[in-house]
Amino acid sequence: AALEGLFTNAHLELPLEEFLKVMNDTLREDLEWGRPEDVALNRAVGENSQIEVAVADTLNKLYRFLARLMRHYGCNWPEKELLQYAEFLYSLNHFGFALRIRQEGEKSQFTHYLVNDLQRYLLMNAVNNPLPDYRDS
């Protein structure tokens with residue numbers, strides 16, 4: 001619900017970089033994104049197919065939100081690849097958090113920066129470029 005609340009005319013008129021900052025602030029402050037519980041849940045989902053089924057609807061909503069965001073800002077990728085890309089972007093956040101919980105101080109802050117920068121780069125790439133021909137790589 002907090003993410004859907006970002007799809008207002010005022011937010012969607014922001015340049016993409018500013019929208020991403022607002023979104024990240026919302027995730028961190030309103031949803032307490034990145035808590036240790038998130039990592040534990042992520043681990044449990046990977047280990048238990050029943051939990052995976054239980055959270056699938058929530059995760060699919062998140063992927064659709066990210067795909068809708070990229071589509072709004074100009075991405076013209078086919079829906080199938082765009083949703084897979086959204087899932088990959090989401091997964092980067094959890095990978096980064098799993099790494100950061102084993103780090104402290106400046107090292108943790110730098111990892112957080114790297115993950116956010118990579119996500120921003122990849123999102124901008126999808127918005128600004130056509131789908132690459134990945135089938136021959």
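## First look

Of the 137 residues in the protein chain, 36% count as buried (under 20% relative accessible area, with exposed meaning over 50% and partly exposed in between, using a 1.4 Å probe and protein chains only). Keep in mind that this is a predicted model, where local features need pLDDT of at least 70, side-chain atom pairs count only at pLDDT 80 or more, and totals for chains, interfaces and linings use all residues. Residues are numbered from 1 along each chain as its sequence is written, and side-chain values use heavy atoms, with hydrogens and water left out.

## The layout

The protein chain has six helices and zero strands, so to read it from the N terminus is to go α-α-α-α-α-α; helices here are DSSP runs of H or I with at least four residues, strands are E runs of at least two, and numbering starts at the N terminus.

Now for contacts, meaning heavy atoms within 4.5 Å. In the protein chain, among contacts with a separation of 6 or more, 63% are between residues 24 or more positions apart.

## Inside

The largest nonpolar core holds 29 residues. Such a core is a set of buried Ala, Val, Leu, Ile, Met, Phe, Trp, Tyr and Cys residues joined through side-chain atoms within 4.5 Å. Helix 2, helix 4 (49-72), helix 5 and helix 6 (105-128) each put in at least two residues, and helix 4 gives the largest share, nine residues. In soluble globular proteins, nonpolar side chains tend to be buried together.

Phe19 is one of the residues with the most contacts inside this core. Not counting residues up to four places away in sequence, Phe19 touches Leu6, His11, Leu12, Leu14, Leu69 and Tyr73.

Then there's Glu81, in helix 5 (residues 79-100). Glu81 is buried, with a relative accessible area of 11%. Leaving aside neighbours within four places in sequence, Glu81 is in contact with Leu131, Tyr134 and Arg135.

## Outside

The protein chain exposes about 8,900 Å², and carbon and sulfur atoms supply 53% of that. Accessible areas come from the Shrake-Rupley method with a 1.4 Å probe, and for residues only the protein chains shown count as cover.

Glu13 sits in the loop between helix 1 (9-12) and helix 2 (16-29). Glu13 is exposed, at 66% relative accessible area. Its C-alpha atom is 9.8 Å from that of Tyr73, 60 residues apart along the chain.

Over in helix 6 you'll find Tyr113, which counts as partly exposed at 43% relative accessibility.
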